[in-house]
Amino acid sequence: MATAHAGHTHRLDLADATVREWDATVIGVDPEQGIVLDRSAFYPGGGGQPPDHGVLLWGGVRTRIVGTRSGDEQYLVPVEGDPVPPAGTAVRGALDDDRRTALMRTHSGLHVLTGVVFRDFGALVTGGNMEPLTARMDFDLPEVPADFKDRVAEAVNTELAADRPIQVRVLPRAEAMAIPDVIRTATDLLPPDLAEVRIVDIVGLDTQADGGTHVASTAMVGRVEVVKMENKGRGFRRLRVRIV
């Protein structure tokens, strides 16, 4: 659901979620917004997945990055008080590997969760949010079996253990929208002017339009614990999960 470029920044994270270090050049600095690179592997946040943290290394100096701002450019937000490299500076970018990997495991685990709930109960997603190794997902599910929570946990972990490949590809919009049930949210959130759609396919289980970062197979997620189910009213059910 995201393009390979955000303003003038080429997004390395969309093509290869394993990139953790790379060389780049600062092409802009806005005192209010942040730093713009020509190439970046920082995931900017979106779809419930929070942005990456990391550093820029330049001239023996370290600038810590604690978030992003999206606008006409992808701005990297430095820690207040850290030195900011001026435009034209060559930098070495590096992500917080533990955070990114945890978020990739979490995001992929949530896709397995939504795939299982859609397959077994026909429920669409109405909302969600994640932090490293913990998350919530909301579903439109008016009727809930008494053993719903346990059934979901068992089915999700069966799919994780099956070591299903997780593949990412970009398709023309018309081709992507021809895939049955490719939109798993109750509301279609695709911008109307989006010409290409990024697809995340958990082979044999789940195919969704998605712009986030993922591990290469379900076995890399680990296990999912369904910690709690909450009734949020009007048929909306919230599952809180933990990745272990």
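# Notebook: helix α3 and its surroundings

I started with α3, which has 14 residues and reaches 20 Å from its first C-alpha to its last, close to the 20 Å expected at 1.5 Å a residue. I note here that the model is predicted.

**Entry 1. The buried side of α3.** I asked which residues of α3 are buried. I found F148, V152, A153, A155, V156, N157, E159 and L160. A helix has 3.6 residues a turn, so residues three or four places apart point the same way. I then looked up what covers these buried residues, and the cover includes α2, β15 and β16 (236-243). Past the helix I checked D163, which follows α3 and has a positive phi, near 55°.

**Entry 2. The sheet.** Which strands make up the open sheet, and in what order? I read four strands in the order β10-β11-β16-β15, with antiparallel pairing. The edges are β10 (125-131) and β15, each of which pairs on one side only. On average, neighbouring strands of this sheet are turned by 15° against each other, direction ignored. I looked at one pairing in detail: β15 and β16 run antiparallel and are joined by seven bridges. V226 has V241 in β16 as its bridge partner.

I next recorded the helices on this sheet. α2 packs on the sheet and touches β10, β11 (134-140) and β16, and its direction makes about 25° with that of β11. α3 also packs on the sheet, where it touches β15 and β16, and its direction makes about 150° with that of β15.

**Entry 3. Aromatic pairs.** I describe a pair of aromatic rings by the distance of the centres and the angle of the planes. How many aromatic pairs are there? The count comes to two.

For W22 and F42 I noted ring centres 5.6 Å apart and planes at 80°, so this pair is edge-to-face. W22 lies in strand β3 (residues 21-30) and F42 in the loop between β5 (39-40) and β6, so the pair ties together parts that are 20 residues apart in sequence.

F121 lies in helix α2 (residues 97-121) and F148 in helix α3 (residues 148-161), so the pair ties together parts that are 27 residues apart in sequence. I found both F121 and F148 buried. F148 was already on my list of buried residues of α3.

**Entry 4. T218.** Where does T218 sit? I located T218 in the loop between β14 (206-209) and β15 (224-231). T218 counts as buried because its relative accessibility is 0%, and the cut-off for buried is under 20%. A polar atom of the T218 side chain lies 3.0 Å from the backbone oxygen of L160. Not counting residues up to four places away in sequence, T218 touches V112, E159, L160, A162, D163, R164, I166 and I202. I note that E159 and L160 are among the buried residues of α3, and that D163 is the residue with positive phi after that helix.

**Entry 5. G222.** I found G222 in the loop between β14 and β15. G222 counts as partly exposed because its relative accessibility is 29%. How far apart are G222 and L160 in sequence and in space? They are 62 residues apart in sequence and 7.1 Å apart in space, C-alpha to C-alpha. Leaving aside neighbours within four places in sequence, I list R105, L160 and V244 as the contacts of G222.

Entry 6. I looked up how β6 (residues 54-58) pairs with β7 (residues 61-70) and found an antiparallel pairing over five bridges. L57 stands opposite R62 in β7. The hairpin of β6 and β7 has two residues between the strands, and G59 takes a positive phi near 55° there.

I then followed β7 onward to β8 (residues 74-78). β7 and β8 run antiparallel and are joined by five bridges. R69 has Y75 in β8 as its bridge partner. How many residues does the hairpin use to join β7 to β8? The hairpin joins them through three residues.

Terms used
Residues are numbered from 1 along each chain as its sequence is written. This is a predicted model: local features need pLDDT of at least 70, side-chain atom pairs count only at pLDDT 80 or more; totals for chains, interfaces and linings use all residues. Side-chain values use heavy atoms; hydrogens and water are left out. Buried means under 20% relative accessible area, exposed over 50%, partly exposed in between (1.4 Å probe, protein chains only). A polar contact is a pair of N or O atoms within 3.5 Å; within protein, one must be able to donate a hydrogen and the other to accept it, and residues adjacent in sequence count only if both atoms are side-chain atoms. Contact means heavy atoms within 4.5 Å. Two strands pair if DSSP finds at least two bridges between them. Rings of Phe, Tyr and Trp (its six-membered ring) pair if their centres lie within 6.5 Å; planes under 30 degrees apart count as stacked, over 60 as edge-to-face and the rest as tilted. The expected span of a helix is 1.5 Å times one less than its number of residues. Axes are lines fitted to C-alpha atoms, for helices over the stretch in contact, and angles run from 0 to 180 degrees between N-to-C directions.
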